[in-house]
Structure formats: C-alpha cells, structure tokens
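Subject: Handing over a structure, with notes

Dear colleague,

Please find below the structure that I am passing on to you. My notes on what was found in it follow directly after.

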Amino acid sequence: MPLPVLAVASEAYPLIKTGGLADVVGALPAALRPHGVEVTTLIPGYPKVLGALGPGETVARFADLFGGPAAVIATELDGADFLVLDAPHLYARGGGPYGGPDGRDWTDNAQRFAALGFVANEIAHGAAGMPLPAVVHLHDWQAGLAAAYIAHDPRPRPKMVATIHNIAFQGWFPASLAAELRLPPEAMSVDGVEYYGGVGFLKSALYHADRVTTVSPTYACEILEPDGGVGLDGLLAGRAATVSGILNGIDTQVWNPATDPRLPARFSAENLSGRAENRRALAERFGLESDRLTFGVVSRLSVQKGLDLLAGAAPLILELGANLALIGAGDLWLEDRYAALSLENPGRIGTFIGYDEDLAHLMQAGADAILVPSRFEPCGLTQLCALRYGAVPVVARVGGLADTVIDANPAGLAAGVATGVQFSPVGQPALESALRRTAALWAAKDEWAKLQANGMASDVSWNASARAYADMFRRLAG
Ligand code: ADP
Ligand code: GLC
C-alpha cells in the first residue's frame, strides 16, 4: 500500500521558485515514489502557479478564508499531484511569493501563510477527498502554522514532520493577530506557537512536529547552538533526539551534462572534451579572457552567502591571474558592488544581475571552479550541481557544504578522494588561502583532473536521501 503524504510548501520547482526550497519540494515526490510514498503537494495559487498548471478540478471550497472566498484545485504536473490553494484576496497579485515588486514583504504574510496551514489541516482531515495522509510534511516557516491547527484539532491527527531549509527565516508576527488567525487561546503558550511574545510560525512547527529534520547532518548540529539556532536552539536542543539531518539531492535528469539541452556542448565524466566549448561560451557571454582559471558563482546575493567576503577578495583573484563570473540577484548593495567590479575589470570580472536558469547551467558547465563562501548553509545545491558538471566546488566548511565536498587537504589528496576545496573559519583570510590553493591545484593539471573525476563520480542524486525520508515516514506511520 502506498503511504499517502501531504507536503505543504510555499514554492515548488518548476511552478514557482526563489531558491533551493523549490528545487527540493519539486524533486522529492518523484524520488519518494519508488519507495512507496505518494506525495501530494499543497501550494499557494500565485498567478504564476495557476498560469502554469492546467485547469484541474475544484475539490474544496471555503466561503471565508481569512477575508475572502477560496478553493482548492487538484491538478497534476509531470506525474506529480498538486493541490493549489486559489485564494485571490491573498495571492492574486504581482511581485514574488513573499513580497511586492518593490522588494518589501507583503504586510499580510501572516494571513497568507496561516491560510495555507489552515487549509492543510482541513485537507489532512479529508476536505479535498485525497486519501487521509499518514504524514504531513511541513517545509519551512510558511507551512509552520499547520502544525498548530493540526495539534489543536480534536479529530484524529496525522503524524507531522517539519523540515527546516533555513532557520534564519522564522515567520514571527504580533500576538494581536492570534484570534484573526483562528488560533485557539490555548495555542498562545510557550508550549505552542507563542514565540518572543508573538506568533511564531516556525516555532509552531518545531514544537508540535513528531520529527524535525533539516537538510544536512552538520546543519542539524549547528542549529542546536545559539549561533546556528537563532533563538530556536533551546527548543531544538531540548528535543535533540528527534532532530536529524537528511541531505538534499539534485534532480539528476535536469542536471545531466550528457543530455542538458541548455548547453552549447554536452559532455560526461568519460569524455570531458565538450567542456572546452562551454568554457568558451561562458567567457564570451561574460566578456572574459578565456585562457584563464575562471571562478564562477550562482547565488542569491545576501550576507548568508558570504559574497561580501568574495568581493573583498577580488583583488587577489586578479593577482592570481584568474577570472570571476557571477550570476546573482538579491541585496541591492551587493548587486551594485559586483556591477561596479565588472565595470572596473573588463575581461576579468563579469556579472549578470538577475535570475536565469539557462545561464546557471552554462556557469556550471563552463566555470573551472564554483565558489560558495557561505557564512551558513543548511545544505546548498549549487555545489552539488558543480560536482556533477566537473566544476570544482570551493566552499566554506559549514552546514551541507561540509557534508558534500571532500577537501583537497593532504589527507584527501593522499587517499585520492578529494572533490573540492573547503575553508574555515569563514572569513576573508581563509577564503583567500582557499583561492590560492585552488589556483595551485588548477595549475597542476593532473591533480585538477582527479578532483573533477572524483566530483563527477559523487552521488548527488536523491537516491539515498529519499530512502531516508521514506523510512522515517513509515516508522512514524507505524
Ligand atoms: P538558497 O536556496 O539558499 O538560495 P541553494 O544552493 O539551496 O541556495 O539553491 C539555490 C538554487 O537557486 C539553485 O538551484 C541555483 O542554481 C539557483 N539560483 C540561485 N541564484 C540563481 C540565479 N541568479 N539564476 C539562476 N538560478 C539561480
Ligand atoms: C535553503 C538553504 C539552502 C538549501 C535550500 C534547500 O534555501 O539556504 O542551503 O539548500 O534551502 O533545502
């Protein structure tokens, strides 16, 4: 018997994506199916989502869902089952999933994502006609309040798993909203959703879930400490036996250099020759001198990602005779900083400010090394793409970056297992020493080829992790 699971999330690739959360929510259902787990994913009906999905069937209606009527539409995309919450008063607007075109958060995000959780609870009790889920899988703070609605509902409840993709985003709102969000008074307790005097969406999930997971084993340890847990470390440390890390994978069909239709030339671990053409295409696209070591970045531009440190290391990159190519969007001051760096260093530093999937694939296929100097990184997906595409990852030794890259230190090189370069502590000096080390490895062509070969042989698929999720769901479901 397949095990029915209801996943609840604010993003799912390819419907709507601002980061790795969407990749994970989009890829996990297909990876779980061979393990007998049937996932249905509930997501908000943003215009982009409704536009991308076919018409579907209305399976539930709500006359008044926090200020307006709403419907749940059941539909399918590439074999994956979706329930879309169509609530025009909450979601039918321009801008992104969390904020307007001006970059500011929507002022009614509490209602927008409480509605998602409220409806998840109704669906978990049969409102949408799907088989009653054995497990409800809540992703990040946007799904978090579902845990409170489920916990306070007198009907028999499903098991709950809360997955933290980034604990820095917690969904905190004033306590005065509690009644409007239809939380029973008893929910507003420290043993519940109350968090620093307000309503804590992520807190609610972490308190009520039967299991808490995050997206790498190292991050699962980091969030038990004050620096990593950002206020929630105490709660998590108190239930540490139920907290674990399951590494993300990537969709190895979307990310397959041997078949990738977005690349000028395809290649494989057995025959890397096509890489040279991608290298040339990348250099041309970014106006770079093509014979130099080229460092690449594909990232949100934020302090989390350590890209201010990398900007500080730009003079060293030039001194090493290397190039830098960056694709990113995010904080304006970082966008400006990189735009200026490329204007000042034509031929050596190239920047594309914006979001572009095709270019992200070209970067992975054409850059020699991919830099991920994050201050913290729950898992990180770009280093996994890099491994698969023969770009050597150069990463901070934190979170999932620590768990997915084997450093080319003396032990790693002697054992012949290194796949990249790691540095620690996260700061400009250690980053610069990693850049120097990378340049030396690149110059020693045989060592570089070995790093590429080891990286391309790494298993970055969902196989092992899907099994781990499936086993956990089954154990919980009994
Ligand atoms: P995060 O979710 O913290 O942003 P991840 O590494 O987990 O970081 O996931 C980022 C995802 O978004 C990857 O699939 C990456 O390729 C993609 N990505 C990030 N920035 C861009 C961009 N500017 N253009 C295209 N893809 C991007
Ligand atoms: C978050 C994290 C990133 C992780 C992604 C998917 O956005 O910042 O490290 O890979 O979620 O789990």
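Before the strands come up, a word on terms: two strands are said to pair if DSSP finds at least two bridges between them, and helices (H or I, at least four residues) and strands (E, at least two) are DSSP runs numbered from the N terminus. In that sense, four bridges join strand S16 to strand S17 (residues 392-396), and the two run parallel.

This is a predicted model, in which local features need pLDDT of at least 70 and side-chain atom pairs count only at pLDDT 80 or more, whereas totals for chains, interfaces and linings use all residues. Residues are numbered from 1 along each chain as its sequence is written, chains are lettered from A and ligands numbered from 1 in the order in which they are written, and side-chain values use heavy atoms, with hydrogens and water left out.

Ligand 1

Around ligand 1 there are 18 residues, the closest being Gly20, Asp23, Arg300, Lys305 and Leu381; a residue counts as near a molecule if one of its heavy atoms lies within 4 Å of it. By their class, the residues of this shell are five nonpolar, seven polar and six charged, where Ala, Val, Leu, Ile, Met, Phe, Trp, Tyr, Cys and Pro count as nonpolar, Asp, Glu, Lys and Arg as charged, and the others, Gly among them, as polar.

Ligand 2

The shell around ligand 2 holds 14 residues, with His165, Asn248, Glu377, Cys379 and Gly380 the closest, and here H1 gives the most, with three residues. A polar side-chain atom of Glu377 lies 2.4 Å from an oxygen atom of ligand 2, while a backbone N or O atom of Gly380 lies 2.8 Å from an oxygen atom of the ligand. Taken alone, ligand 2 exposes 300 Å², of which the protein buries 93%.

Which domains contribute to the shell around ligand 2? At least three residues come from each of domain 1 (3-249 + 462-477) and domain 2 (274-457), with bounds from an automatic or database domain assignment.

The strands

Seven of the eight residues of S13 are buried, that is, under 20% relative accessible area (1.4 Å probe, protein chains only). S13 pairs with S14 in the parallel sense over eight bridges, and Leu301 stands opposite Gly330 in S14. S13 also pairs in the parallel sense with S16 (residues 369-372), over two bridges, where Gly296 stands opposite Ile370.

In S16, Ala369 and Leu371 point one way and Ile370 and Val372 the other, and all are buried. Towards S17, Leu371 stands opposite Val394.

With best wishes

Terms used. Buried < 20%, exposed > 50% of the residue type's maximum accessible area, 1.4 Å probe, protein only. Polar contact = N/O pair within 3.5 Å; in protein donor to acceptor, adjacent residues only side chain to side chain. Areas by Shrake-Rupley, 256 points an atom, 1.4 Å probe, with all protein chains shown as cover.
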